[in-house]
Amino acid sequence: MGSRPVIGGVLAVLALVAIIAPGGASGGDDTSQPYPTRSLSIMAPAAPGGGWDSTARAFQQASQDAGLDKGSEVFNVEGAGGTLGLSELVSKSTGDPYELMMTGLVMLGAIETNGSDVPITRTTPIATMITETEGIVVPADSKYRSLKELADDLKADPGSVRVAGGSAGSTDQLLLGELARVLGADPRKTKYVAHSGGGEANAAILSGSVDAGISGLSEFVDQIEAGKMRLLAVSSPVDVEVDGKQPPTIKDEGIDLELTNWRMMVAPPGLDDAERERITGYVTKVLDSPAWQEQVKRYDWQPFVKTGRELDDFVASEQARVKEIVADLGIGK
Amino acid sequence: MLVFAANLLDGFSAVLSPQNLLLAALGVTLGTLVGVLPGIGPALTIALLLPITFNFNDPVGAFILFAGIYAGGMYGGSTTSILLNTPGESASVATAIEGFEMAKRGRGRAALATAAIGSFVAGTIGILALTLIAEPVASLAVKFRAEDYFALTLLAFASVTALTSSSLVRGFVSLSVGLLIGFVGIDQLTGQSRLTFGVDQLGNGVDIVIVAVGLFAVGEALHMASKLRSRPDELVPEDPGGRWLSKKDWRRSWKPWLRGAGIGFPFGALPAGGAEVPTFLSYATEKKLNPDKEWGEGAIEGVAGPEAANNASFSGTLVPLLTLGIPTSATAAIMLAAFQIFDLQPGPELFEKESELVWTLIASLYIGNIMLLALNLPLISLWVKVLKIPRALLYSGILVFGTLGVYSLSGSVTEVLVMYAIGVMGFFMRRYDFPIAPVILGVILGPLMETQARRALTASGDDFSVFFSRPLTVILLIIAVAAFIVPHLPALKKRLAFGEDD
Amino acid sequence: MIGARAFGGVLLAVGVIAFVATLNVGDGWQASGPRLAPAVASALLVVLSAVFLIRPADDELLAHLKESTKDTHWPTPVALVGLLIGYALTLDVFGYALATAIFYWLAAWLLGSRSPVRDFVIAVVLGVVTSYAFSEWLNVQLPNGPWGV
């Protein structure tokens, strides 16, 4: 027993030294130096392994490879389509230029669907980074050979086509709603079966319990190439080949609709224009680096960069569009 | 059969290099250390290490590392369940129920050993099943539709009655409390908030780990506090010279190991199966089959079965991942991401195009399993020293540990407070003899059952005939109803009156 | 069994509140809608806790409960709950390390440890080391106090 308090004491002293040492790293930000002057953290407002998480970690890796940062960490705040992460960013990190967050179209849908009281415009948007196109697929033994055949049924009776996809209010459901609206059918009558992830939705499509599936194209590629699913169309132009050919877009199939799942980096509220420009400068530098190009290729993303005024306009128009689709679908509250 | 054996041997020859064995050992150690920490599961650990593997020039090393981390992480989770009553993740919740009771009674060593050996046995069975019957199992599993999952959850519900202790009324009160907790949050199918009472943080629902840590760790600590003045030290010291498992423990463990593996693997192979349901099914099965054992006071069957089920279900999740490219758990999703980084597409063609790699992966899982056993059995004597900590310090530490787990899981104080509130409820439930397990079962099964039923009904346009239109659904429903009624026909009347059969 | 009845009463109240709250969910009772399941679960809780209230236990169980609950020392668990709530509320204010150290030290005392000096050292080491290890090595953000720990 005798030696324990002594060991404990030594440990306590060591621990105190440990906390004082990194203390010097934090503190004020020297604005004469290029951003970042210290380590930054990026929140992925979803579980590890998801789209925001992989984009955040890819960005972290690229930034590190390009030698543009002073260390960074990615952490996850899961839940409610990312709106929990959003409210945490706004409530805890206002005014802190070193707390960034990944977001994107999915969060706009979740904000409208969940009735979250924090709009995306409360944050300081920095830059969009990439898009992922959506795919519309049917099981291999489906009667639908083309998007047009499916659209005809959807137009005649929106409830006759059962569609599986991601969570309620996700890009997948928004696309179905838009498709119905553009065709002149009532989006409210569509039969959308929500799933918690691409894997679950895939299983539902393969089991034959639904007529079609909508999700990020990458979720489907393996199944399409294995001949278990047929790709009817993608939601925006892509420069990748699926199963040896360029997939047709919804527009190519004669329906005037384009929707893509974009992701962007935002900073907390309470930053002035100068600070926003400094962060934007850093993020665009990473996005221009060969290291980032490599990540984009690795994950089959499409690069998509908008910043500054152009970004503000883009976010505002996407927000208005999502609001309208969610209202059309009659989901959430 | 011969082809399989030859393939597996090739796999082993690819894995068995000193460097790979070192990676396996590293992975297992890292996984165990991190798995013991609250709130950090194998999924997050692998996500953190994923960038490191970008630098590996062949994927084999990365898979070996991941397999080791996974095996270690799962084992680390059950260690805290047993020693601290604080399950780190949903798959080890069932283990805590009897495991901590064993530890309190000086049988922590046996509990840890049956968990480790059971994991090894079940892991071995699971890997064998994976190598031999992956393809037929996958083609059957993919036939399951929402209505079939509903029938399957109904079957699992039948086990509730095995979990009630003294009376059906108390058992079902516990169950309905669990169901209500399970329904809190944003509805997955429509995006509407339910039972959140305007609290944003509840939108994500109440995680099963929060419920379990509240009920087990906090409830137990409060219970201990209320008895502080009247009861002597409850913790019985470990027998210092004791072996891991006595002959009697072996005899009592091996059947639950096999049964647990048999329950875990098929559930894991189902795209919406998971590890929670099979661990609880195994717990309930053991309780039903061994009614005369010391349930509630540390029955070793209650640790052996769920731990085996937990491990076998992971081999099961590899079936849809490797054969169909469908990830069914967070860890599987990360592994899929790792596959893609090495430009491998899991899915129907993987076994043909990259068969060498698949067998290497399977062999590395096996190596991870052996390494885990080799490293952790000797460590048991070290782990059980935790129980020598004086009671006041141990329980304070458990509270700190549980709080840290919930906080690092959710990053919000609200969820910590929710966990404490559930702990207070757990204290009163313990005090007035309400069974705890049905609460957990309600939290796990309620939302699962509801979501699947509603998916089926959404697709059918609220037409209930969807539950009777396919033979598979009908057969599962008949089994479920039978499992509910048959054991209780004679006793049902009697049991409705309060607890006369106890 | 006043205590058991009081607990049953609380459960009944929870059931009623939950039932009323679910009535605002969705716009109908269709089986595929979000209202039915939580409404059924809360109704179940209401009915069962009412049954429990009427007759909390039979004679045998009553005797067992009387025995097991007779020597309850209430101040300790009540103080522990207070301590826990205080811990949760100070986490964001004091930072993880300090809040944990204070909580651990007080909880150990409350639960009967009588070596405050030793406990203090353990408490400080526990708080500081965990805080440091989680944020530096594991990328898990624990709250920092005003002094950055």
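Residues are numbered from 1 along each chain as its sequence is written, and chains are lettered from A in the order in which they are written. Because the model is predicted, local features need pLDDT of at least 70 and side-chain atom pairs count only at pLDDT 80 or more, whereas totals for chains, interfaces and linings use all residues.

Strand β10 of chain A covers residues 261-267, where strands (E, at least two residues) and helices (H or I, at least four) are DSSP runs numbered from the N terminus. Seven of its seven residues are buried, so β10(A) is largely enclosed by the rest of the structure; a residue counts as buried if 20 or more other C-beta atoms, placed from the backbone, lie within 10 Å of its own. In a regular strand the side chains alternate between the two faces of the sheet. Both faces of β10(A) are covered, with A:N261, A:R263, A:M265 and A:A267 buried on one side and A:W262, A:M264 and A:V266 buried on the other.

Two strands are taken to pair if DSSP finds at least two bridges between them. Strand β3 (residues 99-104) of chain A pairs with β10(A) in the antiparallel sense over four bridges, and A:M101 has A:V266 as its bridge partner. Strand β4 (residues 124-132) of chain A also runs antiparallel to β10(A), to which seven bridges join it, and here A:A127 stands opposite A:M265.

Elsewhere in chain A, five strands form an open sheet of mixed pairing in the order β7-β6-β8-β5-β9. Strands β7 (191-194) and β9 (229-234) stand at the edges with a single partner strand each, so one side of each is left without a neighbour in the sheet. Strand β6 (residues 162-165) and β7(A) run parallel and are joined by four bridges, with A:R162 opposite A:K191.

In chain B, the axes of helix α12 (residues 276-289) and helix α13 (residues 301-324) come within 8 Å and cross at roughly 150°, the axes being lines fitted to C-alpha atoms over the stretch in contact and the angles running from 0 to 180 degrees between N-to-C directions. That makes α12(B) roughly antiparallel to α13(B), a description used for angles over 145 degrees. The contact, defined by C-beta atoms placed from the backbone that lie within 7 Å, involves residues including B:P278 and B:Y283 of α12(B) and B:G305 and B:A309 of α13(B).

Note on methods: A residue is buried if 20 or more other C-beta atoms lie within 10 Å of its own, exposed if 12 or fewer, and partly exposed in between; C-beta atoms are placed from the backbone. Angles under 35 degrees count as roughly parallel, over 145 as roughly antiparallel, 65 to 115 as roughly perpendicular and the rest as oblique. Two residues are in contact if their C-beta atoms, placed from the backbone, lie within 7 Å.
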